[in-house]
Amino acid sequence: MHESGSPTDAVPGVDARESIRDYIEANTSALGAGELRDDDDIFDKGFVTSIFAMQLLAHIENTFDIEVPDDYLNLQRFSSVERMVEMVDELRAVPSG
């Protein structure tokens, strides 16, 4: 579990920060293990393409059982691990229904 006590800790066995970072590192050949910092802008560094960004979106939605609204689909929200964790926390805090 993440030590911050963030809402994503509520998903049993899934740490948002670790899950997102691991997904990016596992699917980006330009990265070596441990090279990705949580505040790295993955688009500025050229780590990802637009197709990979869509795959990352699917990973986030499926892993955390959330739907990312269209108005959240922008480079800023997906620019770093930190930003994506904030987005997951924000969306998980919204009551469903």
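Is aspartate 40 buried or exposed? Select aspartate 40: its relative accessibility is 6%, so it counts as buried (buried means under 20% relative accessible area, exposed over 50%, partly exposed in between, with a 1.4 Å probe and protein chains only).

This is a predicted model, in which local features need pLDDT of at least 70 and side-chain atom pairs count only at pLDDT 80 or more, while totals for chains, interfaces and linings use all residues. Residues are numbered from 1 along each chain as its sequence is written, and side-chain values use heavy atoms, without hydrogens and water.

Stay on aspartate 40, which sits in the loop between helix H1 (16-27) and helix H2 (50-64). Helices here are DSSP runs of H or I with at least four residues, strands are runs of E with at least two, and both are numbered from the N terminus. Now show arginine 37: its backbone nitrogen is 2.8 Å from a polar atom of the aspartate 40 side chain. Next select Glu35, Lys45, Ser79 and Ser80, which aspartate 40 contacts when neighbours within four places in sequence are left aside (contact means heavy atoms within 4.5 Å).

Move on to H2 and helix H3 (residues 81-93), whose axes come within 12 Å and cross at roughly 40°. Axes are lines fitted to C-alpha atoms, for helices over the stretch in contact, and angles run from 0 to 180 degrees between N-to-C directions. To see the contact, select Leu56, Ile60 and Phe64 of H2 with Met84, Met87, Val88 and Arg92 of H3.

Finally, show the whole protein chain: it has three helices and zero strands.

Conventions. A polar contact is a pair of N or O atoms within 3.5 Å; within protein, one must be able to donate a hydrogen and the other to accept it, and residues adjacent in sequence count only if both atoms are side-chain atoms.
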